[in-house]
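Biologist: I have a model open on my screen and would like to learn how to read it. Could you take me through some features, one at a time?

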Amino acid sequence: MAYIETKNISKSFRIGLFKKRQVLKGVNFHAGQGEFICLIGRSGSGKTTFLKILAGIIKPNDGEIRFQDKKLGLFKGFYRRQLGFVFQDYKLIPHLNVFENVSLPLRIRNIPGWKKKALESLEFTGIAHLAKQYPYQLSGGESQRASISRTISINPNIIFADEPTGNLDTETEKEILAVFQKINRELNKTFIIITHEQDILDMASRTYQMKEGILSEI
């Protein structure tokens, strides 16, 4: 049974008053729990749109998303609580230190033991010693580790990422990939990542290619 899957997802955007551009054309996709899935394709092929639909950020025109064999509907709130995001530009809040950034989603959700969970997340990614530093004091790799710590602090089951190492040099990219691999293997989290980096593709359990709105496994 697929952990998450889509069936015949289509999406169009209006261009001006009378034209529409179809971005996704009947997309079918599935991922099992703990898989590491990569999405590749040229710019404008529909990858990011599809990721946003999977994450419930935008709605498709047609088709359905199923999570644990349940169609999303009233179930969507529960589904969104299973998701985490890692961004290329980190999305750290400048006036909050690392600990405050990592603990913020826990506090927003009023999760018990939020201090302990935030510290455990920082320890897992190897930056507990940076807890009192501010984003401007961090390197790119440290900033991405802080972003990842924030993501895993809420214990998501699926982690989405769009070019998460795009701003990093080769050596730092390898360090971040080691963190992803650790999360994937030790915590059994499902990853769905848009990338063009070969090192990330080499980690994939399966890879999909998006071409002119059509998704195919390769």
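Modeller: Happy to, and please keep in mind that this is a predicted model. Let's begin with helix α1, residues 47–54, which is mostly covered.

Biologist: How many of the residues of α1 are buried?

Modeller: Of its 8 residues, 6 are buried. They are Lys47, Thr49, Phe50, Leu51, Ile53 and Leu54.

Biologist: Let me pick Ile53 from that helix. What is its relative accessible area?

Modeller: The cut-off to remember is that buried means under 20% relative accessible area. Ile53 has 1%, so it counts as buried.

Biologist: Which residues does Ile53 touch, beyond those up to four places away in sequence?

Modeller: Ile53 touches Ile9, Lys11, Leu24, Ile58, Lys59, Pro60 and Ile65.

Biologist: What follows α1?

Modeller: Gly56 does, and its phi is positive, near 75 degrees.

Biologist: Now to α5. How does its length compare with what is expected at 1.5 Å a residue?

Modeller: Helix α5 covers residues 140–153. Its 14 residues reach 20 Å from the first C-alpha to the last, close to the 20 Å expected.

Biologist: Is α5 mostly covered or mostly open?

Modeller: Mostly covered, with 12 of its 14 residues buried. Among them are Gly141, Gln144, Arg145, Ile148, Arg150 and Ile152. The buried residues of α5 pack against β6 (83–86), α3 (98–108), α4 (114–124), β7 (158–162) and α6.

Biologist: How do I read the packing of two helices? At what angle do α5 and α6 pack?

Modeller: Look at the angle and the distance between the axes together. For α5 and α6 (residues 170–186), the angle is about 15 degrees and the axes are 10 Å apart. Angles under 35 degrees count as roughly parallel, so α5 is roughly parallel to α6. Their crossing is right-handed.

Biologist: Which residues meet there?

Modeller: From α5 come Gly141, Gln144, Arg145, Ile148 and Ile152, and from α6 come Thr172, Glu175, Ile176, Val179, Phe180 and Ile183. By class, this contact has 6 nonpolar, 3 polar and 2 charged residues.

Biologist: And at what angle do α4 and α5 pack?

Modeller: At about 135 degrees, with their axes 8 Å apart. That makes α4 oblique to α5. The crossing of this pair is right-handed. Lys117, Ser121, Leu122 and Phe124 in α4 meet Ser149, Ile152 and Ser153 in α5. The residues of that contact divide into 3 nonpolar, 3 polar and 1 charged.

Biologist: Which residues does Asn101 touch, not counting residues up to four places away in sequence?

Modeller: Asn101 sits in helix α3 and touches Leu92, Ile93, Leu96, Pro135 and Arg150. With a relative accessible area of 2%, Asn101 is buried.

Biologist: Back to phi for a moment. What is the general idea?

Modeller: Most residues other than glycine have a negative phi. Asn188 has a positive phi of about 60 degrees although it is not a glycine. Just after α5, Asn155 also takes a positive phi, of about 55 degrees.

Biologist: Where is Asn188 found?

Modeller: In the loop between α6 and β8 (190–194). At 38% relative accessibility, Asn188 counts as partly exposed.

Biologist: What is the phi of Glu212?

Modeller: Positive, about 50 degrees, and Glu212 is not a glycine. Its place is in the loop between β9 (206–211) and β10 (214–217). Glu212 counts as exposed, because its relative accessibility is 61%.

Methods:
Residues are numbered from 1 along each chain as its sequence is written. This is a predicted model: local features need pLDDT of at least 70, side-chain atom pairs count only at pLDDT 80 or more; totals for chains, interfaces and linings use all residues. Side-chain values use heavy atoms; hydrogens and water are left out. Axes are lines fitted to C-alpha atoms, for helices over the stretch in contact, and angles run from 0 to 180 degrees between N-to-C directions. Helices (H or I, at least four residues) and strands (E, at least two) are DSSP runs, numbered from the N terminus. Angles under 35 degrees count as roughly parallel, over 145 as roughly antiparallel, 65 to 115 as roughly perpendicular and the rest as oblique. A crossing is left-handed if the near helix is turned anticlockwise from the far one by less than a right angle, and right-handed if clockwise. Contact means heavy atoms within 4.5 Å. Ala, Val, Leu, Ile, Met, Phe, Trp, Tyr, Cys and Pro count as nonpolar, Asp, Glu, Lys and Arg as charged, and the others, Gly among them, as polar. The expected span of a helix is 1.5 Å times one less than its number of residues. Buried means under 20% relative accessible area, exposed over 50%, partly exposed in between (1.4 Å probe, protein chains only).
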